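I opened the notebook on a structure I had not seen before.

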Amino acid sequence: MSETTIALLAGFIGFLLGISGLIAVRASQRRRHFLADVQEPTLPEGTAEILAALGLAYVVVDGVDGVVKASPAAYAYGLVRGHTVVHDELLEMVRSTRRNGVVEERRLELSRGQLQRGSIVLDMRVVTIADEYILLLADDQTEIVRAQSIRNDFVANVSHELKTPVGAVSLLSEAIEDAAEDQDAVRHFAASLQRESARLSAMVQDIIELSRLQGTDVVAKGTAVDVNRTVQEAVERSRLAAESRNISLKVGGHVQIPVFGDPDMLVTAVRNLIDNAVRYSPEDTRVGVGLRERGGMVQVTVTDQGPGISDAEQDRIFERFYRVDSARSRQTGGTGLGLSIVKHVMAQHGGEVSVWSQPGRGSTFTLLLPPMDDPEDQAEPASGGQRDDRVEERA
């Protein structure tokens, strides 16, 4: 084959390759133009504004359950992570709505966050808002459900706790009537009746006190409170009970700064701690009450020489009607509401109550209250741990 023929053949092949490349480029351009003309599905006009006005957490998913839009609350509640709906229960509701075309409504308790250590109660409503989109609306009911649960538990506990002394009063009155001719038996039953009546009266008083505290607005009705006077008044109210068991009440320390709050509520909190200390301390011992300014806070401590509280029990002693030793509480007249009242008072005043205790070494309860003003350089430096300071106060 001659060189001319080879050159012509190579040119023809190059021409064909050029034509093929041009055709491919034109086809690619037409395809890109076609894809550009296909619009992505969008939410109906005004949907975003309506969702924002609802004030609820919301999630919008597409036809393959991908998250198209979600509110910040939906992420905060742990419903969405990235572009994925987290919970299978929600996906089940979405698919049911997509399949049947009906609105799904359900109350769900879902785990919250990646660690799944908390839960949230949501009223969920799932509806179709366009051909390809499903809307999930979430209304947080966690606090409402918790309040209802607390109320129901409280009513049940009150009913149970009141039933025991009321029943005892009824039985003892019948026993006195049956033993009318036996003076010794009458005196015995009358003494028991008096104890149960006192216990019933104390419980009713504590219930009334707790209800009153829950209805008090400390922010609106509070005033400057001298904690020294508060402690002194609480000690005086508890002195008679202490003297009846030969228990001395020792008060030490002084604070210069006042706190903002309700003086009667604070007296009630401190008195409840002192009454508990007297009730559970052996006779011929002492109960110490200390005041100090520490870390910019006003601190009140009440120390007893009682049997102490185990670590497992310390997590529950502030629950309503919880008693470490139910049998001893019946003997001493405890209602199981005192520490719950203390905790509630501290919450109302922006403070806290804590306990240090060991079996056989007694207990120290500590109240921490924020001062009315922020004094400079008045707080003592926090040297050492809390346990060491309290042990030092007990000495």
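How many bridges join strand 9 to strand 11, and do the two run parallel or antiparallel? I found 5 bridges, and the two strands run parallel. Strands here are DSSP E runs of at least two residues, helices are H or I runs of at least four, and both are numbered from the N terminus. Two strands pair if DSSP finds at least two bridges between them.

A note on the source: this is a predicted model, where local features need pLDDT of at least 70 and side-chain atom pairs count only at pLDDT 80 or more, while totals for chains, interfaces and linings use all residues. Residues are numbered from 1 along each chain as its sequence is written, and side-chain values use heavy atoms, with hydrogens and water left out.

**Overview.** I noted 13 helices and 14 strands in the chain. Of its 395 residues, 37% count as buried, meaning under 20% relative accessible area with a 1.4 Å probe, protein chains only.

I traced 5 strands in an open sheet, in the order 9-11-12-14-13, with mixed pairing. Strand 9 (248-252) and strand 13 are the edges, and each pairs on one side only. The twist averages 15 degrees from one strand to the next. I also looked up Lys250, which stands opposite Gly288 in strand 11.

**Helices on the sheet.** Helix 8 lies across strand 9, strand 11 and strand 12, and runs at about 170 degrees to strand 9. Helix 9 lies across strand 9, strand 11, strand 12 and strand 14, at about 175 degrees to strand 14. Axes are lines fitted to C-alpha atoms, for helices over the stretch in contact, and angles run from 0 to 180 degrees between N-to-C directions. Contact means heavy atoms within 4.5 Å.

**Helix 8 with helix 9.** Their axes come within 8 Å and cross at roughly 35 degrees. Among the residues in contact I listed Val231 and Ala234 of helix 8 and Val270 and Ile274 of helix 9. By class the contact has 10 nonpolar, 2 polar and 4 charged residues. Ala, Val, Leu, Ile, Met, Phe, Trp, Tyr, Cys and Pro count as nonpolar, Asp, Glu, Lys and Arg as charged, and the others, Gly among them, as polar.

**Helix 9 with helix 12.** The axes of helix 9 (residues 263-280) and helix 12 (residues 338-348) come within 9 Å and cross at roughly 145 degrees. This crossing is left-handed. The contact includes Leu273 of helix 9 and Met346 of helix 12. I found 9 nonpolar, 5 polar and no charged residues in it. Buried residues of helix 12 include Leu339, Ile341 and Val342. Gly350 follows helix 12, and its phi is positive, near 70 degrees.

**The core.** Which residues touch the most other members of the largest nonpolar core? Of its 39 residues, they are Val227, Val231, Ile274, Met346, Phe365 and Leu367. A nonpolar core is a set of buried Ala, Val, Leu, Ile, Met, Phe, Trp, Tyr and Cys residues joined through side-chain atoms within 4.5 Å. The largest share, 9 residues, comes from helix 9. I checked Phe365: leaving out residues up to four places away in sequence, it touches Leu273, Ile317 and Leu339, among others. Apart from this core lies another, of 23 residues, including Val67 and Leu91.

Definitions and conventions: A crossing is left-handed if the near helix is turned anticlockwise from the far one by less than a right angle, and right-handed if clockwise. Buried means under 20% relative accessible area, exposed over 50%, partly exposed in between (1.4 Å probe, protein chains only).
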